[in-house]
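Here's a quick tour for anyone opening this one up for the first time. Have a look at the sequence and the model, then read on.

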Amino acid sequence: MNFKCIEDLVQQSELKKLPIYELILQYESEKSQMERADILSAMKKNWQVMKASAEKGIANQEKSNSGLVGGDAKKVSEYLEQGYMGKTVLKAAAYAIGISEVNAVMGKIVACPTAGSCGILPAAILAVAEQKKFTEEQILNALFTAAGIGMVIAQNASISGAEGGCQAECGSAAAMTAAALVELAGGSPEQVAQSVALALKNLLGLVCDPVAGLVEVPCVKRNGFASIYAMLAADMAMAGVQSMIPVDEVIDAMYQIGNVLPKSLRETAEAGLAASPTARRLENTLYGKTEL
Amino acid sequence: MRGVFDIIGPIMIGPSSSHTAGAVRLGLIARRILGEEPVKVEINLHGSFARTYKGHGTDKALIAGILGFATDDERIKDALLLASEKGIIYQFKKVDLGAVHPNTAVIYLTGINGRTTRIIGASVGGGNILITNIDGYDVELTGQYPALITIHHDCPGVITKVTSILAKYAINVAFMRVSRQSRGAEALMILEVDDVLTEAVVAECQMVDELENAFCIPAI
């Protein structure tokens with residue numbers, strides 16, 4: 001089994017009449033020489049840590065080392081019934097912010113695909129699983145589909161903020177999440193691909209401009225927003241909406257955009273939000289003006 | 001193409017794979033190189049490590065590694081306190097090392113039996129590390145493979161003696177590097193291998209006459 005792009009995955013999935021997650025499981029088994037049962041149990045362990053981090057996140061009141069983040073997930077999770085967006089969507093946002101807060105306070109998380117974007121996928125899956133009563137087996141399968149999408153993006157573009165900006169981290173995570181949600185909803189391989197295109201397309205160009213160089217502002221709240229992007233992309237794909245630009249061309253576009261993004265907007269904290277007067281003031285308070 | 005668990009995973013302690021997980025691994029490898037319980041730690045931080053270590057908890061992560069914690073150990077955030085409770089004296093300094101990797105640390109360790117070591121290493125992204133200097137010797141050590149390290153007298157035949165011991169135990173060498181301070185003086189050799197280095201292998205290497213010391217560092 002070999003694949004170079006999402007289109008390869010869709011074609012092989014249709015040809016072999018196997019879901020994308022099954023192709024990814026087979027690929028991983030060949031590549032790593034691990035037994036199928038061991039691969040499944042490793043993914044199960046990841047999922048357990050993800051769930052634990054979400055529960056910890058929505059209860060979190062601790063502030064990060066810098067004091068910039070902490071406590072927002074709890075606020076959102078206490079507002080679920082009152083909001084415009086409905087309980088499932090707000091729950092996803094609360095979980096995503098919460099997992100990201102757990103990361104910021106030096107708690108245990110699963111990088112997905114990175115630590116900075118770790119809240120997006122588990123949050124959306126947990127929120128929809130509670131609504132639709134998906135089984136753990138269905139969720140694990142969806143995680144393999146998501147991983148397959150992430151593998152292609154890492155290969156053909158980037159999943160690193162320092163290389164491609166935040167589109168490469170939160171954008172990739174949202175694309176992976178959309179794919180997982182479509183898999184959970186019983187969508188076709190083509191619909192998985194459409195959801196990836198829709199999610200990624202609308203986060204293209206997102207820059208990585210972290211205040212004081214920390215994975216906190218805007219990263220933590222952005223995880224909440226990106227989780228919801230992924231849900232909308234999945235719903236649109238399931239409704240039959242198609243991206244005019246094919247998914248692999250969207251991924252290529254993300255790579256091209258990353259290449260022309262100035263270094264100052266790729267995790268260096270030299271421009272954007274990181275260079276705002278308030279960010280600079282916070283930074284000086286944290287590190288002191290005269291230091292390195 | 002990366003594997004499934006490079007994309008979903010690893011399980012780690014936040015907030016940053018390079019500033020936290022990589023820092024823990026630097027500390028861990030320093031502890032292994034020291035080879036005994038550390039009692040005194042001095043760490044010089046350069047570049048981004050120096051600038052953001054408090055916000056990222058890099059100081060806690062480095063000490064956690066020196067205490068022997070894994071990268072997913074939830075005690076990492078309390079590492080400074082736990083080190084103090086164990087009576088370990090630690091100190092951090094900010095330094096400018098010039099044109100080296102922005103996430104570089106120089107770790108000075110003193111052990112319970114008085115052994116000292118100085119390790120220079122960098123966290124090079126995604127939790128990966130590169131040790132570039134051990135006790136003045138230039139090296140390239142990633143911690144991804146078990147490694148046999150020898151300090152020996154620079155003279156003909158030493159490398160053959162060590163590698164034939166490895167051959168006898170059917171241990172395959174993946175990467176090797178020999179460096180010395182000057183001809184005929186003390187030299188250091190690092191052999192990164194594919195198989196587990198048992199105590200028997202290391203003990204047999206220690207018997208080689210020209211070797212001052214041989215020790216192994218498991219993959220971390």
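How many residue pairs are in polar contact between chain B and chain A? The count is 14, with both residues of a pair at pLDDT 80 or more. Keep in mind that this is a predicted model.

**Where chain B meets chain A**

- On the chain B side, 32 residues are in contact, and they touch 48 residues of chain A.
- Putting the two chains together buries about 3400 Å², and carbon and sulfur atoms give 61% of that area.
- Besides the 14 residue pairs in polar contact, there are three salt bridges between the chains.
- One salt bridge to look up joins the side chains of B:K77 and A:E62, at 2.8 Å from N to O.
- Four elements of chain B each bring at least two residues to the side that touches chain A: α1 (4-7), β1 (11-13), α3 (47-56) and β3 (89-95).
- The largest share of that side comes from α3(B), with six residues.
- Sorted by type, the residues on this side of chain B are 13 nonpolar, nine polar and 10 charged.

**The two domains of chain B**

- In the contact between them, domain 1 of chain B puts in five residues and domain 2 of chain B puts in six.
- About 420 Å² is buried between domain 1 and domain 2 of chain B, with 74% of it from carbon and sulfur atoms.
- On the domain 1 side, B:R32, B:I33 and B:I134 supply 68% of the area buried against domain 2, more than any other three residues.
- Across this domain interface, the rule finds zero salt bridges, and zero residue pairs in polar contact with both at pLDDT 80 or more.
- Helix α2 (residues 17-34) of chain B gives the most to the domain 1 side, with three residues.
- That domain 1 side divides into three nonpolar residues, no polar ones and two charged ones.

**A closer look at A:S117**

- A:S117 counts as buried because its relative accessible area is 0%, and the cut-off for buried is under 20%.
- The side chain of A:S117 makes a polar contact with the side chain of A:T114, at 2.7 Å.
- Leaving aside neighbours within four places in sequence, A:S117 is in contact with A:C112, A:E169, A:C170, A:A173 and A:N223.

Terms used:
Residues numbered from 1 in each chain as written. Chains lettered and ligands numbered in written order. Predicted model: local features only at pLDDT ≥ 70, side-chain atom pairs only at ≥ 80, totals over all residues. Heavy atoms only, no water. Contact = heavy atoms within 4.5 Å. Buried area = accessible area lost by both parts, 1.4 Å probe. Salt bridge = Lys/Arg side-chain N within 4 Å of Asp/Glu carboxyl O. Polar contact = N/O pair within 3.5 Å; in protein donor to acceptor, adjacent residues only side chain to side chain. Nonpolar A, V, L, I, M, F, W, Y, C, P; charged D, E, K, R; others polar. Buried < 20%, exposed > 50% of the residue type's maximum accessible area, 1.4 Å probe, protein only.
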